[in-house]
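Visitor: Hi! Could you walk me through this one, starting with how you use the word "buried"?
Guide: Happy to, here it is.
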Amino acid sequence: MPEQTPRQVMFEDLKKFCGLKYRDAGWLLLSTRPVAGGASPRDSLDLYDRSTVKRKYVDVAPDQTNPSHFGDVCSGSLTAMGRAVARLGGGEAGRARVAAHYRGPAADAMASALDEWGLSGTAYRNAVFRIDTAVLPASKDRASLYLMLFVTCGCFQDPGRAAEVVGGFMESKLGGHFGSTTLRLDVCEGDVPCEPRAKKEQPKALGLLRMEGASVRLPGHELFEGPGGTVIGFMPSGPHTVSVDDDEVSAEHLRLFLEDGRWYAQGLSSTNGTVLVSGADGAETLIEPPRSERTPGSTYPPVRIDVGDVLRLGSRTSFLVVLGAKQP
């Protein structure tokens, strides 16, 4: 039997990352409508000890899920968002850390649990990507949507329903809508969530999305896995390139390449340098400093990159590293 259910992943993450104990999270998410016996699921929290709360609401297999136990999960997730941001120091920095967590390691944990139970982690990753590329009046709302998707999927243990709920909230409350892209980055045809497929039927590819603040610009760029990799620059040459309309970016600024199953980025003696911002914790790694700050004779080895990382070229151009399905 799989080690963790999506529900367990959700409750454990809310406890560790947001500081919400099982009862606290239950109070935010459970329904106030009475059920058999007279008490509502939320009221029942006062009647049960911790082990009973865990058994009835946390340790629930997907095929035993009762959606009626939960109330306004969107509102509850927004409250959890506030708790998480405050716990991380508040402001935009706290919000950015929440976004990085719920589109990075927390999303990976949820997708893995879904896969373990045959519920399609690919559908969940598809929904995360759709939030990445959503058109939003306020880009700061993206962090809340990542967390909302995570919480909703944990409550209902159904990635398709979670995506539907979050999409509906985004359109009705935020005035946003899901976008699309020409690069197939874990998305399927139309608005239908991906069904589970064997990895050999849908080989993965790494790609880049140009960022504008907290939003992204379409289309995406699939990275070339063969010799030479992909070169990013203002006027790059060769068959596998990404052109950037920014004069702070050198003609050939950065090379991304695959080696022994891992992806790397290496500077090409650019004028203004490149920084890697980790999608896991927001830590910055210098790939190559600006030319004016380099020590003569110094060399800068390749730096490993992963999904969710941001590559910042100079001071104005950034790319988000994303995972997708290879173009046929």
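Guide: Buried means under 20% relative accessible area. Bear in mind that this is a predicted model.

Visitor: Okay, so is Cys153 buried or exposed?
Guide: Cys153 has a relative accessible area of 0%, so it counts as buried.

Visitor: How many disulfides turn up in the whole structure?
Guide: The search finds 0 disulfides. Another cysteine, Cys18, is buried too, with a relative accessible area of 1%.

Visitor: Switching topic: what is the strand order in the open sheet?
Guide: The order is S4-S3-S5-S6-S9, 5 strands with mixed pairing. Strands S4 (241-243) and S9 (303-304) are at the edges with a single partner strand each, so one side of each has no neighbour in the sheet.

Visitor: In what sense do S3 and S5 pair?
Guide: Antiparallel, over 3 bridges, between residues 230-233 of S3 and residues 254-259 of S5. Ile232, for instance, has Leu254 in S5 as its bridge partner.

Visitor: Now Glu288, where is that?
Guide: Glu288 lies in strand S8, residues 284-288. This residue is buried, at 4% relative accessible area.

Visitor: What does the Glu288 side chain reach?
Guide: It reaches the backbone nitrogen of Ser269 at 2.9 Å. The Glu288 side chain also makes a polar contact with the side chain of Ser270, again 2.9 Å.

Visitor: Which residues is Glu288 in contact with, leaving aside neighbours within four places in sequence?
Guide: Among them are His253, Gly267, Leu268, Thr274 and Arg294.

Conventions
Residues numbered from 1 in each chain as written. Predicted model: local features only at pLDDT ≥ 70, side-chain atom pairs only at ≥ 80, totals over all residues. Heavy atoms only, no water. Pairing = 2+ DSSP bridges. Helix = DSSP H or I, 4+ residues; strand = E, 2+ residues; numbered from the N terminus. Buried < 20%, exposed > 50% of the residue type's maximum accessible area, 1.4 Å probe, protein only. Polar contact = N/O pair within 3.5 Å; in protein donor to acceptor, adjacent residues only side chain to side chain. Contact = heavy atoms within 4.5 Å. Disulfide = S-S within 2.5 Å.
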